[in-house]
Amino acid sequence: MISLLDYGAGNVRSLRNAIQALGYSLTEIERPEDILKAERLIFPGVGAFGAAMQRLHAQGYVEPLKAYLAEGRPYLGICIGLQTLFEGSEESPGVAGLGLIPGQIRRFDPQGRGSPGERQEPGWGDPQGGGSPGLSAIAPALPTSRPSMAVKRQELGRGDSSSLSVPHMGWNGVCLARPSPLFADYAGDKLYFVHSYRAVPGPENADWVLATTDYGDPFVSAVQRGRVAAVQFHPEKSGAAGLKLLRHFLAGEDPGAGSAQVPPGEPGPTRLAKRIIACLDVRTNDAGDLVVTKGDQYDVREQGAVRNLGKPVELARRYFEEGADEITFLNITAFRDFPLSDQPMLEVLRRTSENVFVPLTIGGGIRAFTDAEGRSYSALDVASEYFRSGADKVSIGSDAVDAVEQYLARGCKVGSTAIEQIAEVYGNQAVVISIDPRRVYVNSPEETRHHCLRSPEPGPNGEAWCWYQCTVKGGREGRDVDAVELARACEELGAGEILLNSIDRDGTGLGFDLGLVQAVADAVTIPVIASSGAGRVEHFSEVFEATGVEAALAAGIFHREEVPIAAVKAHLKARGIETRA
Ligand code: 1PR
C-alpha cells in the first residue's frame with residue numbers, strides 16, 4: 001500500500017494514474033497520524049516552497065513527517081518534495097524547511113552562473129540597465145517591479161550558451177554519483193523537469209547527493225540516504241523512463257541491494273532537450289461531437305463544415321506513443337462558453353491523463369465567469385478544475401490581453417489578474433500565455449509606437465514593415481497591444497512560458513515566423529514555444545538554430561500524418577540539436 005501526501009497544490013492525478021497503471025493501490029494521507037502509519041510515502045509537489053511548508057504546518061504534518069524521515073522509512077519526494085527536505089529556500093525567505101539535508105534552495109540565474117543571491121554583478125537589478133538596441137529603441141516603457149531579467153536576457157541573447165531561460169523546463173539527463181536501485185536499469189534517458197529553484201551540491205550535502213543535472217551549473221536532481229529518496233524531476237511525467245523509476249520505489253527494492261555498477265546515465269554535462277509539442281485544437285462540430293480540428297490562418301471550416309481530424313483522447317495517446325515531449329489541448333471556442341460546464345473537455349483531460357505520461361497543457365476559457373444563476377467563478381476556480389482533471393499547465397489567451405491592457409494602463413500590477421492568481425497558487429511554471437498575433441503592415445517603423453520588424457512577406461500594398469497585433473477570441477478581435485509588449489508584461493505578471501502562435505503562418509506550412517519568434521524570445525527570460533507554420537522537418541531545426549527557443553509546436557503536419565514526430569527528432573539529432581529519444 002502506497003500513501004500519498006497530497007496538499008492540493010497541483011496535478012497529482014497523473015501521479016495517482018501512474019501508480020495505478022503500475023498495479024499498486026493508493027491511500028491518501030488525511031490526518032497527521034496517517035503519516036506514521038504509512039508503509040511507503042510519496043510526497044509530490046508543485047508550487048512555491050513557502051506555500052508547501054505552510055500547508056504542511058497547517059495540517060499538522062511537519063512533526064510526523066520529520067519523525068518518519070528520521071526513522072529512515074521509505075519516502076519518495078518529488079520536486080517540492082525534494083526541496084522541502086532542505087533547510088530553506090530563496091523562494092520563501094525566512095520559511096524553514098524540514099531541515100533533513102543541509103543547504104539552501106536557490107533560484108536559477110538566467111545568466112547561468114549562480115543565482116542573484118549567490119553572485120552580485122554590477123548592474124544587476126538595475127531596471128534601466130541595457131536592452132537590445134534593436135528592440136529597446138522602439139520599445140514602449142513598461143512598468144517593471146523586479147530586477148529586469150528580461151533586459152539582462154536581451155543583452156546575452158537566447159542563443160548565447162551562457163544564458164538560460166527560467167524555469168528550467170523540459171527533458172534533461174542525470175549524472176549518477178553512485179549506484180541505486182531507483183536507477184537500477186536507467187539507460188541514460190532524459191527525464192522531465194520543471195522548476196525555477198534548485199538545490200546546489202556541496203560538501204555539506206555530499207552524502208545525500210545521488211544524481212546531478214546540468215543547467216548552467218550542476219544542481220541536485222536526486223538525493224538518497226537509505227530508504228529516503230527524492231527527485232527534482234517528475235517521474236510521472238517522464239514517459240517510460242519515469243515509470244521505471246517509480247516502479248523501483250513502489251516495489252520497495254532494498255537500497256543496499258541494487259546494481260553494483262553505476263548505470264550509464266549521461267557522462268555529463270547533461271543537456272536540456274528541445275521540446276517537440278503536438279497541439280490539438282478542440283471544439284464541438286456542428287453534429288455536437290468534440291473533435292480535433294485544424295484551421296488555415298484560424299479558419300477551421302472547409303466548405304462550411306468544421307474540419308474533423310480525429311478524436312482528442314485517441315490522438316493524444318498516439319502522439320505520446322510516437323514521442324511527443326508534451327501535448328497541448330486548446331479548447332478554441334471556450335471564449336463563448338463557460339468551460340466548467342464543458343464536461344466533455346474535462347473528461348478528455350481525465351481520460352488522457354490515465355495513460356499519457358508527459359506534460360499536458362490545456363487552454364481556452366481560462367478567465368473569471370458568472371453563470372446563468374448569477375454564481376461567480378474566478379479564473380483560479382476554472383484553472384483548478386483543469387489541474388484536478390489532469391492538466392499540468394493552463395494556457396491563457398484572451399484574458400492575458402485584458403490583463404496586460406490593465407497593467408499597462410495602471411503602470412503597476414493589478415494583483416487580481418488570472419495570471420497572478422494562478423501563478424501564486426500553482427507556481428509560474430503552470431501558467432502559459434498563448435499569444436495569437438496578426439501582422440499589421442506599415443511602410444516604416446515611425447508609423448507605429450509598436451515593436452516593428454521587417455515583414456517576412458510584403459503587405460498587400462507592398463509595405464516592408466509590420467508589427468504583431470495581439471488578438472482575442474481566436475483572432476476575431478484585435479487590440480492595441482503587440483506580441484513583444486504582451487510577452488514581457490505577462491512575464492512580469494508571473495507567467496512561466498509563452499506559446500507564440502502566428503495567425504499569418506497558421507496552417508500554411510511555410511515555416512515559423514522567425515522574426516516574430518526571435519523578437520519575443522529576446523524580450524523574455526521564460527521559455528518560448530514557437531508555433532504555427534511547420535511544414536517540414538527543416539522548419540524545426542531552422543527555428544531552434546535561428547532563435548534558440550526551447551520548444552516548437554505543430555498541429556496540421558502531425559494530424560495529417562505528413563511528418564512523423566520521430567522524423568522531426570531524427571532530423572534534429574542529425575543537426576546536432578539535443579532531443580529526447
Ligand atoms: O482566448 O483563453 O479562450 O484561448 C483560446 C485558445 O484557442 C488560444 O490559445 C488560441 O490560440 C486558440 N484558438 C482560438 N481559435 C483558434 C483557431 O484556430 N480558430 N487555435 C485557435 C489556435 C493555433 C495553434 C496551432 C498552431 C500550429 N491554434 O495552436 O495549433 O498554429 O498549427 P500548424 O502547425 O498547423 O501551423 P482563450
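How many bridges join strand E6 to E10, and how do the two run? Select residues 101-107, which form strand E6: three bridges join E6 to E10, and the pair runs antiparallel. Strands here are DSSP runs of at least two residues, and helices (H or I) of at least four, numbered from the N terminus.

This is a predicted model, where local features need pLDDT of at least 70, side-chain atom pairs count only at pLDDT 80 or more, and totals for chains, interfaces and linings use all residues. Residues are numbered from 1 along each chain as its sequence is written, and side-chain values use heavy atoms, with hydrogens and water left out.

**The sheet.** Pick Arg107; its bridge partner in E10 is Tyr197. Now show the open sheet, ordered E5-E6-E10 with mixed pairing (strands pair if DSSP finds at least two bridges between them). Its edge strands are E5 (86-89) and E10 (197-199).

**The core.** Next, select Phe183, Ile327, Ile433 and Phe540. They have the most contacts inside the largest nonpolar core, which has 133 residues. Such a core is a set of buried Ala, Val, Leu, Ile, Met, Phe, Trp, Tyr and Cys residues joined through side-chain atoms within 4.5 Å; buried means under 20% relative accessible area (1.4 Å probe, protein chains only). Helix H14 (483-493) gives the most to this core, with seven residues.

**The ligand.** Move to the ligand, which 23 residues surround; Ser398, Ser434, Asp436, Asp506 and Ser532 are the closest (a heavy atom within 4 Å). A side-chain N or O atom of Ser532 is 2.6 Å from a ligand oxygen atom. Asp281 places a polar side-chain atom 2.9 Å from a ligand nitrogen atom. At Ala555, a polar backbone atom is 2.9 Å from an oxygen atom of the ligand.

Terms used: Buried means under 20% relative accessible area, exposed over 50%, partly exposed in between (1.4 Å probe, protein chains only). A polar contact is a pair of N or O atoms within 3.5 Å; within protein, one must be able to donate a hydrogen and the other to accept it, and residues adjacent in sequence count only if both atoms are side-chain atoms.
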